Amino acid sequence: MCDTPTTTTASSSRRELVPGMCVKCKAAKPSVTIRRILYCKQCFVRASVVKFRAAIAKSRKRVDWPRTKVLVAFSGGAASSALLKLTADLQRMERKGTDAEPPFTAAVVGHIDESCLFPGDQENVIRAIAAETDLDYNSLALEDAFAPEEGRAALLELVQASMAPGTVRDQIYARLVQPALASGSHADQLKALFAGLESATDREDMLDIIKTALLLRLARESGCDVVLLGDSATRVAVKAMALTARGRGISLPLETSAESQWFHDLLLLRPMRDFTAKEVVYFNRWTRQRSAHVPTFTTGGPRRASIGRLAEAFIVELDQDFSSTVPTVCRTLQKLEPRPEALAAAACILCGFPAEEDANVWRRRLTVSGAQDVQQAPASIESNTRDLTARLCYSCQNLLHNAAPGTILPRVCTPYNDPKAALDHRDELRAKVEEFFISDNEEL
């Protein structure tokens with residue numbers, strides 16, 4: 001019986017690995033190891049570009065959106081700097097006559113200036129990095145969250161936010177005030193807001209809320225329909241742990257998914273979601289892409305300084321010993337779908353994400369307090385005073401629970417006297433899941 005000669009196809013030969021050589025070209029010695037895969041410098045950069053373009057293409061296929069103007073959220077950090085370079089190079093392909101058509105008609109760099117809270121020269125570095133691209137640059141400052149907007153004159157001032165946890169009257173009251181009655185400049189109001197928050201976790205949460213709201217405002221003012229966020233895989237994994245610990249599980253699929261359409265007029269994309277922090281660092285180094293040091297409230301602090309800082313230490317240290325930690329968390333998150341009640345829920349007037357019904361009731365069941373902690377609601381409620389509890393999600397209730405009375409909330413809050421502003425696009429979302437609801441008269 002004669003032996004049948006074995007043939008090696010071209011595709012199988014390309015898949016063969018050469019020990020100790022780059023997995024792609026198989027000719028150069030590796031310069032980096034990513035999840036036990038060896039890459040040389042040139043192949044790693046090329047693979048990163050392909051991965052980014054594939055992420056954009058997949059998002060466009062899953063969410064059918066036309067070519068449009070896009071806002072690149074640029075904080076100055078490593079991941080957002082890599083996002084800026086990849087997007088600018090992608091747009092530049094069209095002008096060079098490449099056959100591939102860019103997915104965006106135009107790209108705008110959007111930045112939130114945090115120098116009011118974190119003074120330093122990082123803003124000059126950020127503007128210099130953005131100027132190296134040929135993209136338009138638009139920015140807003142954090143204190144602009146208190147600036148007047150058309151149709152939104154009144155501000156919300158907390159009247160009583162330190163009610164005892166676990167009691168029947170665990171409520172958060174605020175009153176409408178006119179800007180002329182609010183003391184101090186916008187920068188002073190911003191600093192007073194964060195000074196009135198109890199913990200670093202609360203301050204980080206409020207900062208994220210304000211930055212997200214300002215980015216959305218910047219996108220609308222710039223005429224953009226899509227916002228690109230620079231959340232890396234490591235950042236998404238850390239964010240998932242922190243959000244879960246803070247009680248934001250109901251909005252977890254909306255805040256960590258590759259595509260989010262919760263804000264009906266804007267599409268949020270996370271094309272850097274497949275890049276780990278290590279990949280971002282090597283990509284920036286080998287492409288000579290600069291980044292800025294962006295401080296936070298817990299910079300240089302211990303790992304227990306805040307929930308976010310603790311979650312970051314947990315994920316990063318675990319990923320050092322088990323390199324599949326971050327990819328596994330991200331793949332699991334990608335499988336999550338928003339619950340029907342989340343899509344049909346009203347938006348929280350502070351963060352803008354779903355506010356589950358009876359969140360304060362659930363909060364009371366989980367909190368223990370003594371009889372001496374029982375307090376009463378304000379004896380006399382003014383006509384312009386509102387109970388915000390039912391309009392806040394569980395996490396934002398915790399955020400404002402121990403805030404100092406007299407704290408002026410930023411204009412990211414939906415005006416309480418205009419409920420339709422938070423509900424105008426919920427009918428469309430509710431219609432999509434209406435068939436899955438069970439009526440009281442329907443038999444199971």
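Analyst: Helices (H or I, at least four residues) and strands (E, at least two) are DSSP runs, numbered from the N terminus. By that definition the protein chain has 16 helices and 12 strands. This is a predicted model, in which local features need pLDDT of at least 70 and side-chain atom pairs count only at pLDDT 80 or more, while totals for chains, interfaces and linings use all residues. Residues are numbered from 1 along each chain as its sequence is written, and side-chain values use heavy atoms, with hydrogens and water left out.

User: What is the average pLDDT of the protein chain, and where is confidence lowest and highest?

Analyst: pLDDT is the predictor's confidence in each residue, from 0 to 100. The protein chain averages 81, and 77% of the residues score at least 70. Confidence is lowest in helix α15 (residues 420–423), with a mean of 39, and highest in helix α9 (residues 277–286), at 96. Over residues 3–14 pLDDT stays under 50, and the model has 4 contacts (heavy atoms within 4.5 Å) beyond four places in sequence for them.

User: Why is Asp121 called exposed?

Analyst: Buried means under 20% relative accessible area, exposed over 50%, and partly exposed in between (1.4 Å probe, protein chains only). Asp121 has 53% relative accessibility, so Asp121 counts as exposed. Asp121 lies in the loop between β4 and α4 (122–131). Of the 444 residues of the protein chain, 48% count as buried.

User: Why is helix α14 described as largely enclosed?

Analyst: Helix α14 (residues 394–401) is largely enclosed by the rest of the structure because 7 of its 8 residues are buried. Those buried residues are Tyr394, Ser395, Cys396, Gln397, Leu399, Leu400 and His401.

User: What makes a group of residues a nonpolar core, and which residues touch the most other members of the largest one?

Analyst: A nonpolar core is a set of buried Ala, Val, Leu, Ile, Met, Phe, Trp, Tyr and Cys residues joined through side-chain atoms within 4.5 Å. The largest has 56 residues, of which Phe194, Met206, Ile210, Leu350, Leu392 and Leu400 touch the most other members. Elements giving two or more residues to this core include β3 (68–73), α5 (186–195), α6 (200–221) and α14. α6 gives the most, with 9 residues. Apart from this core lies another, of 37 residues, among them Leu86, Ala88, Ile126 and Ile129.

User: How do you know that β4 and β5 pair?

Analyst: Two strands pair if DSSP finds at least two bridges between them. β4 and β5 have 6 bridges, in the parallel sense, and therefore meet that definition. Val108 stands opposite Asp136 in β5. Both strands belong to an open sheet of 6 strands with mixed pairing, in the order β5-β4-β3-β8-β10-β9.

User: Why are α10 and α11 called oblique to each other?

Analyst: Axes are lines fitted to C-alpha atoms, for helices over the stretch in contact, and angles run from 0 to 180 degrees between N-to-C directions. Angles under 35 degrees count as roughly parallel, over 145 as roughly antiparallel, 65 to 115 as roughly perpendicular and the rest as oblique. The axes of α10 (residues 307–321) and α11 (residues 325–334) cross at roughly 120° and come within 8 Å. The two helices are therefore oblique to each other. Ile315, Leu318 and Asp319 in α10 meet Thr325, Val326 and Pro327 in α11.
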